[in-house]
Amino acid sequence: NVRDAGISVCCGGILGLGEKDTDRVGLIHVLATLPEHPESVPINALVSVDGTPLGDDDDISGVDAFDMARMIATARIVMPRTMVRLSAGRLSFSDAEQFMMFNAGANSIFNGDKLLTTDNPDFGKDQALFEKLGFVGKPAHKGPMPSPHEEQGGVVITKVVHQQQQYA
C-alpha cells in the first residue's frame, strides 16, 4: 500500500538491543521475502542515551564492527538493489571499521549533524572520509546505481512475484 501511494520503503533494524543471532536473521529474512525489497535498509548500532531504559541497562551488549559487517553483507547478498545504509552508531566506529562495513556492502549513509535522536558525523568529516577512501557519492534522493558488473550483463536482477500461499 505504501508503494501504491508513491512512497519509498525504508525499513531496517537496530543491533544491540539484546537480540539473538536468530533475531537478526529473522529481520533480514522478513525484508528479503517481501514481494518487493525495501528501497532502503538502514543497519543501526544502538546508541545508548543516558536516562533511557536501554541507556541505563548494563545487560545490553555492545555491537562491534564485525556484527555490523555481517548484517550489512547479508542484507547486500539477499537484497542486491537495496540501499543498505550504514546508519546510527557510526560515531562509535573508526574510519577503518567503517571502511570494512562499506566493503561488506553498505552503499549509503545518512548525513547531517543529527539523526532523529543522536549525533551524526559532521558533513565535512563524512566528505573527508569518502575522499580518503576513494568513494564518490551519488546525488541525494536517487535510487541505487547499477554496478558495472550488472551493466555489463554479468548480473541480472529479477523481481520475484509474490504468490499466494496455498493451504491444504
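Seven salt bridges are found in a search of the whole structure. A salt bridge is counted when a side-chain nitrogen of Lys or Arg lies within 4 Å of a carboxyl oxygen of Asp or Glu. The structure is a predicted model, in which local features need pLDDT of at least 70, side-chain atom pairs count only at pLDDT 80 or more, and totals for chains, interfaces and linings use all residues. Residues are numbered from 1 along each chain as its sequence is written, and side-chain values use heavy atoms, with hydrogens and water left out.

One of the salt bridges joins the side chains of Arg3 and Glu39, at 3.0 Å from N to O. This pair links distant parts of the chain, 36 residues apart. Arg3 belongs to the segment before β1 (13-15), and Glu39 to the loop between α1 (21-32) and β2 (40-45). Helices (H or I, at least four residues) and strands (E, at least two) are DSSP runs, numbered from the N terminus. Arg3 is partly exposed, at a relative accessible area of 29%. Glu39 is partly exposed, also with a value of 29%. Here buried means under 20% relative accessible area, exposed means over 50%, and partly exposed lies in between (1.4 Å probe, protein chains only).

Arg70 and Asp67 form a salt bridge, their closest N and O atoms being 2.9 Å apart. Both residues lie in α2 (residues 65-78), three residues apart, about one turn of the helix. Asp67 is buried, at 14% relative accessibility.

Arg90 and Asp126 also meet through their side chains in a salt bridge, at 2.9 Å from N to O. Arg90 lies in the loop between β3 (83-86) and α3 (95-104), whereas Asp126 lies in α4 (residues 123-133), 36 residues apart. Arg90 is buried, at 2% relative accessibility. Asp126 is buried too, at 4%. Shared partners join Glu19, Arg24, Asp67 and Arg70 into one network of salt bridges.

Helix α4 has Asp126, Leu129, Phe130 and Leu133 as its buried residues. Seen down the helix axis, they fall within an arc of 95 degrees, so they line one face of α4. The arc is that of the directions from the helix axis to the C-beta atoms. Glu131 and Lys132 are exposed on the other side. The buried residues of α4 pack against α3 and β4 (108-109), contact meaning heavy atoms within 4.5 Å. Just after α4, Gly134 takes a positive phi of about 80 degrees.

The largest nonpolar core has 25 residues. Such a core is a set of buried Ala, Val, Leu, Ile, Met, Phe, Trp, Tyr and Cys residues joined through side-chain atoms within 4.5 Å. Ile43, Met68, Ile72, Leu86, Met101 and Phe102 touch the most other members. The largest share of this core, six residues, comes from α2.

Four aromatic pairs are found in the whole structure. Rings of Phe, Tyr and Trp (its six-membered ring) pair if their centres lie within 6.5 Å; planes under 30 degrees apart count as stacked, over 60 as edge-to-face and the rest as tilted. The ring centres of Phe102 and Phe135 are 5.3 Å apart and the planes lie at 80 degrees, so this pair is edge-to-face. Phe102 is buried, at 9%, while Phe135 is partly exposed, at 28% relative accessibility. Phe130 and Phe135 form another edge-to-face pair, at 5.8 Å centre to centre and 85 degrees between the planes. Ring pairs link Phe99, Phe102, Phe130 and Phe135 into a cluster.
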